[in-house]
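Here's a friendly walk through the salt bridges of this structure. Have a look at the model first, and then we'll go pair by pair.

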Amino acid sequence: MIAFITDHKFIVSQEGIRSNRFDKGTLLRYAEVNKGLLILGRKVVSDDNGENISDEKIRFVLTNNKAVLLSQCIKNLRYSIRIIRLPSAYGYVQGVICLIFNKRYFVELVGDPHDSIYYSSGKIRAARWSRLICKWIVKYAEKTAYVNSSKLPISYPTRGKDFILSNVILRPPENSKVTSRIQKIGFVGSLESEYKGLGDLISVLTNLRFNGVLDIIGEGKLKSFYVSRLKQSGLSFTISGYYSDNKKYLDHISSFDLYVMSSYTEGLSRTLLDCMNQRVLSVSSDAGGSKEVLPENRIWKVGDLNHMSFVISQVLGLGKDEIATEVEENLLMCESYYYDRIWKIRKEFLAIE
């Protein structure tokens with residue numbers, strides 16, 4: 001049996017354990033490879049109807065209590081291997097305990113620990129400590145899976161075996177629609193802080209005098225702030241919350257004519273790949289692994305609003321045939337993230353030698 005440690009908040013409902021991020025099929029594959037799976041994570045009690053991932057092959061220890069967390073991390077030492085998903089506070093605790101007791105562990109690094117704290121909270125000291133702890137844990141991991149090849153392996157090198165392994169798994173799209181004119185621009189992301197770059201997008205679209213609709217999917221404490229800015233800007237907009245039903249989410253993003261990934265930090269944007277796979281024209285900041293999936297002329301440096309404006313204006317000027325060609329090229333790239341290919345690499349990563 002293996003133990004999987006994450007900061008993810010699993011939904012505890014009367015029907016069982018649910019999640020909007022992990023799908024049951026993938027978790028069962030983890031369990032099958034190593035004869036059982038224990039998941040240590042956070043919990044939230046909710047009526048949200050995310051996917052039910054409960055199964056007899058998967059044991060959950062969900063807690064928000066520090067003492068229980070510490071106790072379980074020590075108990076996890078008895079299992080065959082520990083898979084630590086970073087960045088996460090729970091992962092740091094488990095990683096340090098493994099290092100103290102000289103126990104084997106694997107790491108899944110899905111984002112930059114320093115940038116995720118710095119851009120979301122502005123806490124410089126906490127961001128630096130997070131980076132140092134993560135570097136230490138990754139350095140001595142037996143195996144490390146990085147979600148991008150251009151940034152994370154360089155910033156957080158390992159002495160162990162390394163894999164480039166996306167935590168995004170795509171399937172061939174059912175949607176065949178391709179837009180002929182950009183009238184709706186989509187944004188998807190948390191409104192808890194400014195690091196998703198919605199403020200930058202509002203500024204750029206206002207300056208470009210975009211006369212279509214900005215369609216926002218997101219929730220958070222800054223929602224009223226952004227609504228006020230949008231009203232002042234004169235832009236037409238809609239805002240809806242997150243979807244627990246993946247099909248409804250895919251149907252919604254499929255209605256975008258253009259998706260803008262404006263984040264300051266990412267590992268490899270799940271929404272960017274989802275949109276590209278749904279034949280939605282896409283542009284992005286250079287956060288995380290965007291350069292690995294989009295051509296250079298569709299990317300700008302984080303914080304460079306002039307270049308961001310230039311990239312978006314260039315796309316707004318594309319004709320129907322140009323859009324169709326670019327969308328199909330993006331779709332072809334997405335095949336690298338289809339289930340069979342990703343799982344082949346993940347199975348090698350999970351193998352205990």
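Let's start with arginine 42, which counts as partly exposed at 24% relative accessibility. This is a predicted model, and in it the side chain of arginine 42 meets that of aspartate 7 in a salt bridge, 3.4 Å from N to O. Aspartate 7 sits in strand β1 (residues 2-13) and arginine 42 in strand β3 (residues 37-45), so their pairing ties together parts that are 35 residues apart in sequence. Aspartate 7 is partly exposed too, with a relative accessible area of 22%.

Next up is arginine 279, whose side chain forms a salt bridge with that of glutamate 328. Here the arginine lies in the loop between α10 (270-277) and β14 (281-285), while glutamate 328 belongs to helix α12 (residues 320-334), so distant parts of the chain, 49 residues apart, are linked. Arginine 279 counts as buried at 17% relative accessibility, because the cut-off for buried is under 20%. Glutamate 328, at 37%, is partly exposed.

Helix α12 also holds glutamate 326, which pairs with arginine 298 in the loop between β14 and β15 (299-300), 28 residues away. Glutamate 326 and arginine 298 are both buried.

Here are those pairs side by side:

| Salt bridge | N to O distance |
|---|---|
| Aspartate 7 and arginine 42 | 3.4 Å |
| Arginine 279 and glutamate 328 | 3.1 Å |
| Glutamate 326 and arginine 298 | 2.7 Å |

How many salt bridges are there in total? The count comes to 11. Some share partners, joining Arg85, Glu108 and Arg346 into one network.

Technical notes: Residues numbered from 1 in each chain as written. Predicted model: local features only at pLDDT ≥ 70, side-chain atom pairs only at ≥ 80, totals over all residues. Heavy atoms only, no water. Salt bridge = Lys/Arg side-chain N within 4 Å of Asp/Glu carboxyl O. Helix = DSSP H or I, 4+ residues; strand = E, 2+ residues; numbered from the N terminus. Buried < 20%, exposed > 50% of the residue type's maximum accessible area, 1.4 Å probe, protein only.
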